[in-house]
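Colleague: I am new to this structure and would like to know what stands behind the words used for it. Could we go through them in turn?

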Amino acid sequence: MRMRPTLSWIPSGELPPGTTDLEPVASALSTGGVLVLSGAGISTESGIPDYRGEGGSLRRHTPMTYQDFTATAQARRRYWARSHLGWRTFGRARPNDGHRAVAAFGRHGLLSGVITQNVDGLHQAVGSQDVVELHGSLERVVCLSCGARTPRRELARQLEEANPGFAPVAAAVNPDGDADLTDEQVGDFHVVPCTVCGGILKPDVVFFGESVPPARVEHCRRLVREATSLLVLGSSLTVMSGLRFVRQAADAGKPVLIVNRDATRGDRHAVTRVALPLGAALTTVAGELGIALDEAVA
């Protein structure tokens with residue numbers, strides 16, 4: 001039986017209310033050893049929409065699943081046409097104050113690590129080090145037959161050559177880099193095979209309905225064990241891939257702090273949820289800690 005992914009979450013029972021008090025976040029960071037877990041909400045101020053917030057893409061868009069992608073050539077044609085167009089938008093996205101704050105906290109030795117559920121590479125673009133990309137990265141492409149990994153920019157060049165003049169106007173671009181196109185706009189888009197073996201190419205990301213590699217999960221679990229606290233930034237924690245680390249931290253007695261405007265699936269495990277825009281909130285915290293976001297990156 002093909003299982004559909006968890007795309008939404010409805011709170012059961014009363015959750016702790018959100019707050020605007022940033023003192024617990026600043027206090028945790030001042031102690032050091034904080035592990036950051038970031039989600040799509042940290043990239044919305046860079047022009048990349050999230051899935052579930054106000055105006056989130058799930059209100060109008062069902063993400064491609066691994067099962068659908070591997071099932072038919074037509075599904076892959078539709079995905080690569082939409083993703084090829086969306087890649088251009090992702091390539092123009094720039095880190096925002098939230099990403100800059102996380103990088104600054106890391107440079108000042110306040111973080112034990114960064115786990116991101118995002119595939120946009122914006123944490124690394126602003127200088128964050130040793131980022132664990134829980135769901136992979138759109139910067140890479142993998143062959144499902146031989147396992148060869150190649151840069152996405154090389155695939156983009158090949159797709160440009162195979163589809164000259166392909167430039168439809170998308171209704172929107174989604175957090176997974178998938179642009180909203182109609183079947184008519186997709187047309188007879190040509191998909192290119194792996195140059196090594198001729199196999200099927202897939203972005204090196206974890207699709208909905210696909211599992212995070214076990215070794216990556218264990219790496220993240222080790223980071224949680226070694227951290228003093230867990231700071232969740234911009235994630236609804238709807239999917240288990242991120243929620244399991246919140247539960248692990250809480251079960252170990254480590255403080256869980258969440259900065260997310262909407263309620264999350266992890267709120268009952270957290271000591272606080274700050275319901276403020278991420279960029280402004282983290283800039284304020286940085287100021288309270290005497291950290292400038294515009295300092296030169298080493």
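Modeller: Two strands pair if DSSP finds at least two bridges between them. Strands (E, at least two residues) and helices (H or I, at least four) are DSSP runs, numbered from the N terminus. With that, an open sheet of six strands has the order E3-E2-E1-E7-E8-E9, with parallel pairing. Its edge strands are E3 (131-133) and E9, each of which pairs on one side only. Neighbouring strands of this sheet are turned by 20 degrees against each other on average, direction ignored. This is a predicted model, in which local features need pLDDT of at least 70 and side-chain atom pairs count only at pLDDT 80 or more, while totals for chains, interfaces and linings use all residues. Residues are numbered from 1 along each chain as its sequence is written, and side-chain values use heavy atoms, with hydrogens and water left out.

Colleague: How do you know that E1 and E2 pair?

Modeller: By the count of bridges: strand E1 and strand E2 (residues 111-116) are joined in the parallel sense over five bridges, against a requirement of at least two. Val34 stands opposite Leu111 in E2.

Colleague: And what makes E1 and E7 a pair?

Modeller: Again five bridges, in the parallel sense, here between E1 and strand E7 (residues 229-233). In E7, Ser229 is opposite Val34, and Leu230 is the bridge partner of Leu35.

Colleague: Why is E1 called largely enclosed?

Modeller: A residue is buried under 20% relative accessible area, exposed over 50% and partly exposed in between (1.4 Å probe, protein chains only). In E1 (residues 34-38), five of the five residues are buried, so the strand is largely enclosed by the rest of the structure. This holds on both faces, with Val34, Val36 and Ser38 buried on one side and Leu35 and Leu37 on the other.

Colleague: What lies across E1, E7 and E8?

Modeller: Helix H9 (residues 240-251) does, and runs at about 150 degrees to E7. Such angles run from 0 to 180 degrees between N-to-C directions, and the axes are lines fitted to C-alpha atoms, for helices over the stretch in contact.

Colleague: Why is H4 called roughly parallel to H10?

Modeller: Helix H4 (residues 97-107) and helix H10 (residues 278-288) pack at an angle of about 30 degrees, with their axes 8 Å apart. That makes H4 roughly parallel to H10; the word is used for angles under 35 degrees, with over 145 roughly antiparallel, 65 to 115 roughly perpendicular and the rest oblique.

Colleague: Which residues meet where H4 and H10 touch?

Modeller: Contact means heavy atoms within 4.5 Å. From H4 come Asp97, Gly98, Ala101, Val102 and Phe105, and from H10 come Gly279, Leu282, Thr283, Val285 and Ala286. By class, the contact has six nonpolar, three polar and one charged residues. Here Ala, Val, Leu, Ile, Met, Phe, Trp, Tyr, Cys and Pro count as nonpolar, Asp, Glu, Lys and Arg as charged, and the others, Gly among them, as polar.

Colleague: What makes strands E5 and E6 edge strands?

Modeller: They belong to an open sheet of three strands with the order E5-E4-E6 and antiparallel pairing. E5 (149-151) and E6 (201-205) each have a single partner strand, so one side of each is left without a neighbour in the sheet. The twist averages 45 degrees from one strand to the next. Strand E4 (residues 136-143) is joined to E6 by four bridges; Cys143 stands opposite Leu201, and Val142 has Lys202 as its bridge partner.

Colleague: Is Leu237 buried or exposed, and how do you know?

Modeller: Its relative accessibility is 1%, so Leu237 counts as buried. The residue is in the loop between E7 and H9, and has a positive phi of about 60 degrees although it is not a glycine. Most residues other than glycine have a negative phi.

Colleague: Why is Asp130 called exposed?

Modeller: Because its relative accessibility is 70%, Asp130 counts as exposed. Asp130 sits in the loop between helix H5 (122-125) and E3, and also has a positive phi, about 50 degrees.

Colleague: What makes Leu276 partly exposed?

Modeller: Its relative accessible area is 22%. Leu276 lies in the loop between E9 (272-274) and H10.
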